Amino acid sequence: MKYILLDLNGVVIKTTSHDFDNWLLKRGLNPKKVNKVYMEVAWKLHKGQISQKEAMKIINNKLNTKFSSKEFFKARFNYKFTLNKSLMAKIKKWQSQGIKVALLSDISRPSWNFVKKSNFMKQFDDLIISCNTGFRKEESKYYDYLAKRL
């Protein structure tokens with residue numbers, strides 16, 4: 001069985017900027033500082049090792065804020081994306097030739113919950129995302145996992 005593996009962000013979709021920095025500034029927060037703190041928990045979120053609420057507790061403690069998980073992540077992941085339509089057409093062609101197409105992504109549960117609502121996800125034969133697998137693409141065990149799964 002032949003498989004084509006495609007990365008989500010930057011290949012299948014392109015995310016466009018959002019207003020998270022402005023949202024932070026309106027609340028008197030330094031976006032660089034907040035994003036640095038967020039990145040400290042992002043790896044664990046991407047691997048599904050901590051929940052949104054656990055991440056938010058860490059973020060609030062480090063920033064001395066009192067954001068709810070829902071409020072913060074809604075602002076953080078309120079971005080728009082555009083679909084690579086020419087690639088989606090190629091996917092249909094490959095699948096008509098018997099080639100399976102899997103979507104890969106290092107993505108946190110909050111981001112995934114936002115993106116997976118899109119209808120284009122149905123076109124993939126397999127969805128392999130880090131918040132479900134427990135590891136990210138730069139880890140060698142990720143590829144061991146792919147070899148067994150596919």
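This short talk covers the salt bridges, the nonpolar cores and a few strands and helices of one structure.

Good morning. Please keep in mind that the model shown above is predicted.

I begin with the charged side chains. How many salt bridges does the structure hold? There are seven. One of them joins Asp 7 to Lys 137, with the closest N and O atoms 2.6 Å apart. Asp 7 lies in strand β1, residues 3–7, and Lys 137 in the loop between α7 (130–133) and α8 (140–149), so this pair ties together parts that are 130 residues apart in sequence. Asp 7 is partly exposed, at a relative accessible area of 25%.

Another salt bridge is formed by Asp 106 and Arg 136, and here the closest N and O atoms are 3.5 Å apart. This pair, too, links distant parts of the chain. Asp 106 is found in the loop between β4 (100–105) and α6 (109–115), while Arg 136 is in the loop between α7 and α8, 30 residues away. Are these two residues buried or exposed? Asp 106 is buried, with a relative accessible area of 17%, and Arg 136 also counts as buried, at 7%.

Arg 136 has a further partner: its side chain meets that of Glu 138 in a salt bridge of 3.0 Å, N to O. Glu 138 is exposed, with a relative accessible area of 53%.

The largest nonpolar core has 38 residues. Which of them touch the most other members? They are Leu 8, Val 12, Tyr 38, Phe 72, Phe 120 and Phe 124. At least two residues of this core come from each of α1 (20–26), α2 (31–46), α3 (52–63), α4 (69–76), α5 (85–96), β4 and α6. It is α2 that gives the most, with six residues.

Setting aside neighbours within four places in sequence, Phe 72 is in contact with Phe 20, Trp 23, Val 34, Tyr 38, Met 56, Ile 59 and Phe 67.

Let us look at α2 itself. This helix bends by about 35° at Glu 40. Its buried residues are Pro 31, Val 34, Val 37, Tyr 38, Val 41, Ala 42, Leu 45 and His 46. What covers them? The cover includes α1, α3, α4, α6 and α7.

My last topic is the region around β4 and β5. β4 pairs with strand β5, residues 126–129, in the parallel sense over four bridges. Within this pairing, Leu 103 stands opposite Leu 127 in β5. Together with α6, the two strands make a right-handed β-α-β unit.

Ile 128 also lies in β5. Ile 128 is buried, and its relative accessible area is 0%. Which residues is Ile 128 in contact with, leaving aside its neighbours within four places in sequence? They are Ala 102, Leu 103, Leu 104, Ser 105, Thr 133, Tyr 142, Tyr 145, Leu 146, Arg 149 and Leu 150. By contrast, the C-alpha atoms of Ile 128 and Lys 53 are separated by 23 Å, and these two residues are 75 residues apart along the chain.

Thank you for your attention.

Notes: Residues are numbered from 1 along each chain as its sequence is written. This is a predicted model: local features need pLDDT of at least 70, side-chain atom pairs count only at pLDDT 80 or more; totals for chains, interfaces and linings use all residues. Side-chain values use heavy atoms; hydrogens and water are left out. A salt bridge is a side-chain nitrogen of Lys or Arg within 4 Å of a carboxyl oxygen of Asp or Glu. Buried means under 20% relative accessible area, exposed over 50%, partly exposed in between (1.4 Å probe, protein chains only). A nonpolar core is a set of buried Ala, Val, Leu, Ile, Met, Phe, Trp, Tyr and Cys residues joined through side-chain atoms within 4.5 Å. Contact means heavy atoms within 4.5 Å. Two strands pair if DSSP finds at least two bridges between them. A crossover is right-handed if, with the strands pointing away from the viewer, the path from the first strand over the helix to the second runs clockwise. The bend at a residue is the angle between axes fitted to the seven residues ending there and the seven starting there.
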